[in-house]
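Q: I have a model open here and would like to talk through a few local details with you. Can we start with a side chain and then move on to the strands?

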Amino acid sequence: MTNRIAAKGGMVIGKGEDLTREESRVEIRRLRATEGRLRTILDAVDTAFAIVEVKFDANDTPVDYRFLEANPAFERQSGADLVGKWVTEYAPDLERFWFETYGHVAKTGEPANFENYANTFERWFDVRAIRIGDPRERRIAIFFNDVTERKRAEAQLVGLNDTLEQQVQDRTTELDRLWDTSPDLLLVIDFDGVFRRVNPAWVTTLGYDPDELVGHHVNEFVVAEDHADTIAAYQLAAMGGSPRMVNRYVHKDGTLCWISWVAARAGQVIYAFGRNVTAERTQAEALAQAEEALRHAQKMEAIGQLTGGVAHDFNNLLTVIRGSVDLLRRPGLTQEKRDRYVEAIASTAERATKLTNQLLAFARRQTLKPQVCDVGARLRGVADMLDTVTGGRIGVVTDLPPDPCYVLVDLNQFETALVNLAVNARDAMAGEGTLSLSVRCDSVMPPIRGHSGSHAAFAAISVADTGTGIEAEQVERIFEPFFTTKEVGKGTGLGLSQVLGFVKQSGGDVEVSSVPGRGTTFTLYLPQVDADRETAAADTGTALATHADGQRVLVVEDNLGVGRFCTDVLADLGYQTVWAHNAEEALKELDRAQQAFSVVFSDVVMPGMGGIELATVLRDRFPDLPVLLTSGYSDILAQEGGHGFDLLHKPYSAQQLATALRRVTGEAAVLATPPTD
């Protein structure tokens, strides 16, 4: 039994040993699996890992260490394969810091965390070291990362911070220096217009110390007339705008200073920059006064030249008239001589009328009678009669458009302008050459003599000659009144003035192109109009009867000589006349008249109520009463026209007066006649 027990016991013992070995194998496999997983992790991570064995000398001082294991990241970050090597083999001059730190961890078991620079590797490392295994083996595990780039960035950041601090300090110093030394006014003001800070320039510019300004409202120092603009400026700045303005400050001594400001918002305040522009303002005002004085002097010179020219020409005309009158007074004159002297007076008066019209055209003050006409047809008609003006040795050539080209002009003034240009061309060609007349429709008027052009449609009428041309320095003067290059007695110098005045008053301009020795071209630009505005000139009809059969005329004329002449002429023509010396007297006469008037014949320019105003009143109060106006010149007529009333120009003849009166009374009779079935 004992043997069996023993045997049995032996079997039991044998099984226990088998179980222990199996458990060991399982544990080994588990440990190997764990080690594999750890190895996989260590191989995959970016953190460098190594196990080192620290070597001590006889005095227990760490003198070296050997790398037993290392993961791939170790070699990447250190730049060397050190497994199995003592560190002194690779880096004999390695800093003592590394030996002492690792030795302390190996001896004491105290972990170490630090960042340090390794000269050998020329890198910064962030290191974690712990003791592992049997303390007697003096082994440690090292984890580290290369932090060289971060350390460099930190160093750069520190340097940048130091630089920025220095730059800020330098900039602050510069700004303070600018603030203190600027000759211009610098200002910090709040949104309510109260000064918060000012620079020293306020003392030198306006005489105020900073403590006299800070805490005070801006308008305490600004003239009252500029308060509103000043408030509007800083309110605009408070809303984010950038106002620019000029206002006037009162200097401490009471004088005024003009300050030009620029302002902008910064946070909850406004920064403003002001410059003293008083001197510039004073200079500008002085310059404006000097320019005005120069313009006045030039105007007086022009008036003097104009007056002298007019006096010369009118004295010539008056000499003929006065001499003829004296001769008519001589007894025993034959009818032939009497007729000759009367004709001389009549023709001289006509020349005086023409001279007056030229002056008014030059001044653009002539009352024009615009009519729509085909400019090509008109030019063809003028060309047909120019032979009598230019002479047989000058050929007249025309280039006219095939289709009508309409303009709105005073026909008499238009034809006069063309004749004036033709006469100048004849004289420039010394009586021999070619005169070319052309028309271009739908033209664009270019800029002329500093005036802007126009893209509207214009008719361009060109008059070109093959004469001597005009020198460049004279081109700018040819439109001046009485300026002429002709010999004394050969021209008045008003022809081109009439041309320019007429064209300007018609809404156009004149362009001059000249080449000395080759000829000159004048181009008149006149605005085109639609064909449906075409009108025909009224036929004044010399065949109208001149006897009035006792029709009543109310003459309104303030000039005694003209009034006496007019009433005498009307009486000779068979009219009954009543003469009122002004408009107010005329209205009273109409109110108390026992017998109706056939027509009112009134001057335009009179003291008190003028002729146009009188005619307007009469049109409202007596709509069936015809009104005929007369004037030698009127600003209102020149600028605004006749306001729908008929107009007879002074000077007028008896025949012209009779014709005009017959026309307006005849038209009134037609209008007053009721229609018949």
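Q: Which backbone oxygen does the side chain of Thr567 reach?
A: This is a predicted model, and in it the side chain of Thr567 reaches the backbone oxygen of Arg564, at 3.0 Å.

Q: And which helix is Thr567 in?
A: Thr567 lies in helix 16, which covers residues 560-572.

Q: Buried or exposed, that Thr567?
A: Thr567 counts as buried, because its relative accessibility is 12% and the cut-off for buried is under 20%.

Q: What does Thr567 touch, leaving out residues up to four places away in sequence?
A: With those left out, Thr567 touches Val555, Thr577 and Trp579.

Q: Switching to the sheet, in what order do the five strands come?
A: The order is 2-1-5-4-3, in an open sheet with antiparallel pairing. Its edge strands, each pairing on one side only, are strand 2 (62-70) and strand 3 (112-118). On average, and with direction ignored, neighbouring strands of this sheet are turned by 35° against each other.

Q: How many bridges join strand 3 to strand 4?
A: Seven bridges join strand 3 to strand 4 (residues 123-132), and the two run antiparallel.

Q: Which strands does helix 5 lie across?
A: Helix 5, residues 148-181, lies across strand 3, strand 4 and strand 5 (139-146), and its direction makes an angle of about 130° to strand 4.

Definitions and conventions. Residues numbered from 1 in each chain as written. Predicted model: local features only at pLDDT ≥ 70, side-chain atom pairs only at ≥ 80, totals over all residues. Heavy atoms only, no water. Helix = DSSP H or I, 4+ residues; strand = E, 2+ residues; numbered from the N terminus. Buried < 20%, exposed > 50% of the residue type's maximum accessible area, 1.4 Å probe, protein only. Polar contact = N/O pair within 3.5 Å; in protein donor to acceptor, adjacent residues only side chain to side chain. Contact = heavy atoms within 4.5 Å. Pairing = 2+ DSSP bridges. Axes fitted to C-alpha atoms, helices over the stretch in contact; angles between N-to-C directions.
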